[in-house]
Amino acid sequence: RRPFYVDTDTASDDAVALVIALRHPDIDVVGIGVVAGNVPLDMAAQNALYTRELVGRLDVPVHVGEAAPLTIELETAQNVHGGDGMGDIGLDLSGRSADGDDAVGALLDASHRYAGELTLVTLGPLTNVARALERDPSLAERIPRTVVMGAVADHIGNVTPAAEFNMWADPHAVQAVLDSGLALEFVGWDISRKHAVVPPALADDLRSIGTPVADFCIGIQRVVEEFCATQTKLPGFDLPDPITMAYAIDPSIATETRRLHLEVETESELTRGMVVMDVLGFMGREPNALVVTEADNDAFIAMLRTAVAD
Ligand code: BDR
Ligand code: CA
């Protein structure tokens with residue numbers, strides 16, 4: 001089984017991605033790092049701990065990481081995910097203890113233990129990864145594959161007109177990661193908007209499977225659903241982190257990819273966090289990322305269905 005390390009600002013869609021990863025037979029989640037993003041750090045940690053417990057995976061260590069972006073202030077997305085990040089449906093999200101408070105060190109440790117074989121999947125702002133690179137730049141040489149949920153290839157943002165949340169939340173960390181030499185693969189919010197939407201009829205269908213996990217995965221999308229109705233104009237809700245995880249587990253979920261050079265805007269108020277993709281090679285730079293540009297909707301939903309099935 002392939003070793004995976006997951007870094008997450010755990011809220012509603014991150015939790016579903018964790019469910020998929022923790023229950024998939026082909027991979028072995030060797031650690032979970034928590035970062036501030038969708039919600040403040042302590043809340044994200046409680047949400048990750050609740051999720052691992054729900055799926056009976058107390059054996060997978062959860063480490064708490066960075067409470068704030070590298071240089072800017074934390075601005076959460078509780079308007080999108082709910083005050084508790086999990087749809088405010090009354091879950092008991094307190095009192096659980098993490099296995100450590102140094103997610104940066106935990107990632108570095110995992111990179112040594114699984115050198116040359118670890119897949120890193122990032123589902124939140126890239127702060128923990130940037131701090132790990134700061135502590136030890138050779139990290140990039142030990143991790144052969146890093147799958148990032150972030151950016152928008154079609155430049156339709158979900159937090160500002162130009163930017164996707166994870167990139168916008170800590171753009172300085174994005175730049176550090178883009179410059180690091182890590183073998184990066186991006187799944188942007190455009191992929192979620194096009195290929196990971198769960199309309200109400202499908203949500204009902206998944207919930208009718210009747211397992212506690214299915215009920216949880218659909219139930220916690222309650223506030224996201226309101227945000228989709230009012231702001232992103234999607235029917236039901238979309239699942240950016242889960243389709244990213246599905247692709248990380250099974251790359252054939254991507255039906256089209258491109259190797260591109262990416263840069264991120266860190267300063268402009270208008271376009272902060274916008275990831276510029278040099279499609280036509282104006283910058284004359286070597287590609288630093290593989291970008292997923294199309295994905296297989298049905299294959300993703302099938303993986304989701306299996307993950308919540310028992
Ligand atoms: C990303 O931002 C967060 O709101 C989601 O958890 C996902 O990681 C989507 O833009
Ligand atoms: Ca996330």
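In this predicted model, ligand 1 is surrounded by 16 residues, of which the closest are Asp13, Glu164, Phe165, Trp189 and Pro240, a residue being counted as near a molecule or strand if its C-beta atom, placed from the backbone, lies within 6 Å of it. Two or more residues of this shell are given by each of helix H1 (12-23), helix H7 (165-169) and helix H13 (240-249); helices (H or I, at least four residues) and strands (E, at least two) are DSSP runs, numbered from the N terminus. By residue class, the shell around ligand 1 divides into eight nonpolar, four polar and four charged residues, where Ala, Val, Leu, Ile, Met, Phe, Trp, Tyr, Cys and Pro count as nonpolar, Asp, Glu, Lys and Arg as charged, and the others, Gly among them, as polar.

Residues are numbered from 1 along each chain as its sequence is written, while chains are lettered from A and ligands numbered from 1 in the order in which they are written. Because the model is predicted, local features need pLDDT of at least 70 and side-chain atom pairs count only at pLDDT 80 or more, whereas totals for chains, interfaces and linings use all residues.

The secondary structure of the chain comprises 14 helices and twelve strands. Of its 310 residues, 55% are buried, that is, 20 or more other C-beta atoms lie within 10 Å of their own, as against 12 or fewer for exposed residues and values in between for partly exposed ones, with C-beta atoms placed from the backbone.

Within this fold, strand S5 (residues 145-149) is largely enclosed by the rest of the structure, because four of its five residues are buried. Strand S5 is joined by four bridges to strand S4 (residues 119-122), the two running parallel, and four bridges also join S5 to strand S6 (residues 184-187), again in parallel; strands are taken to pair if DSSP finds at least two bridges between them. Val147 in S5 is the bridge partner of Val121, and Met149 stands opposite Val187 in S6.

Helix H5 (residues 127-135) is likewise largely enclosed by the rest of the structure, since seven of its nine residues are buried, namely Thr127, Asn128, Val129, Ala130, Arg131, Ala132 and Leu133. The cover over these buried residues includes strand S1 (2-8), strand S2 (27-34), helix H4 (103-113), S4, helix H6 (139-142) and helix H8 (171-178), with contact between two residues requiring that their C-beta atoms, placed from the backbone, lie within 7 Å.
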